[in-house]
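Let's take a friendly walk through this fold together. Have the viewer open and follow along as we go.

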Amino acid sequence: NVNQNFTPDEFINELLTNEKYFKEINGLKYFYPQYKELVCETFANREKPKNQVIKFCYETEEELQELKEYAIKFNETHERMKLSEEPDIRKDQNTISFGNYFPETLK
């Protein structure tokens with residue numbers, strides 16, 4: 001659960017500054033797969049829509065598959081924000097990156 005004392009934008013800052021949630025690879029922050037729901041829900045609920053990239057690291061092929069399947073399910077159940085259908089997968093770094101976008105900003 002998101003801490004009730006944070007707005008979604010404040011919690012995004014927490015996600016990006018608290019090393020509990022991410023692993024740094026080549027100077028970039030990649031969220032751990034176990035936080036996929038928390039991260040995506042928080043970004044989707046941000047006050048001002050912002051198209052960007054949400055990056056995750058993974059250790060196993062099973063985690064990679066779970067991240068890909070979660071993105072498909074997320075897109076089916078969320079209208080405000082969507083994740084790219086063709087993520088950037090870097091097997092050499094064990095990372096996957098989803099562009100996120102807000103359809104309302106594309107009108």
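Below we look at a pair of helices and then at a strand with its partners.

Keep in mind that this is a predicted model. Start with helix α1, residues 8-17, and helix α2, residues 36-44. Their axes come within 9 Å and cross at roughly 140°. Angles over 145 degrees would count as roughly antiparallel, and α1 and α2 are therefore oblique to each other. The crossing in which α1 passes α2 is left-handed. On the α1 side, the contact is made by Pro8, Phe11, Ile12 and Leu15, while α2 brings Leu38, Val39, Thr42 and Phe43.

Now turn to strand β6, which spans residues 95-101. Five of its seven residues are buried, so β6 is largely enclosed by the rest of the structure. Which strands pair with it? Strand β3, residues 52-57, is joined to β6 by six bridges, and the two run antiparallel. You can find this pairing at Lys55, which stands opposite Ser97 in β6.

Strand β4, residues 82-83, also runs antiparallel to β6, with two bridges joining them. Here Lys82 stands opposite Tyr101 in β6.

Strand β5, residues 88-90, is linked to β6 by three bridges, again in an antiparallel arrangement. Look for Ile89, which stands opposite Ile96 in β6. β5 and β6 form a hairpin with four residues between them. In that turn, Asn94 has a positive phi of about 55°.

How values were computed. Residues are numbered from 1 along each chain as its sequence is written. This is a predicted model: local features need pLDDT of at least 70, side-chain atom pairs count only at pLDDT 80 or more; totals for chains, interfaces and linings use all residues. Side-chain values use heavy atoms; hydrogens and water are left out. Axes are lines fitted to C-alpha atoms, for helices over the stretch in contact, and angles run from 0 to 180 degrees between N-to-C directions. Angles under 35 degrees count as roughly parallel, over 145 as roughly antiparallel, 65 to 115 as roughly perpendicular and the rest as oblique. A crossing is left-handed if the near helix is turned anticlockwise from the far one by less than a right angle, and right-handed if clockwise. Contact means heavy atoms within 4.5 Å. Buried means under 20% relative accessible area, exposed over 50%, partly exposed in between (1.4 Å probe, protein chains only). Two strands pair if DSSP finds at least two bridges between them.
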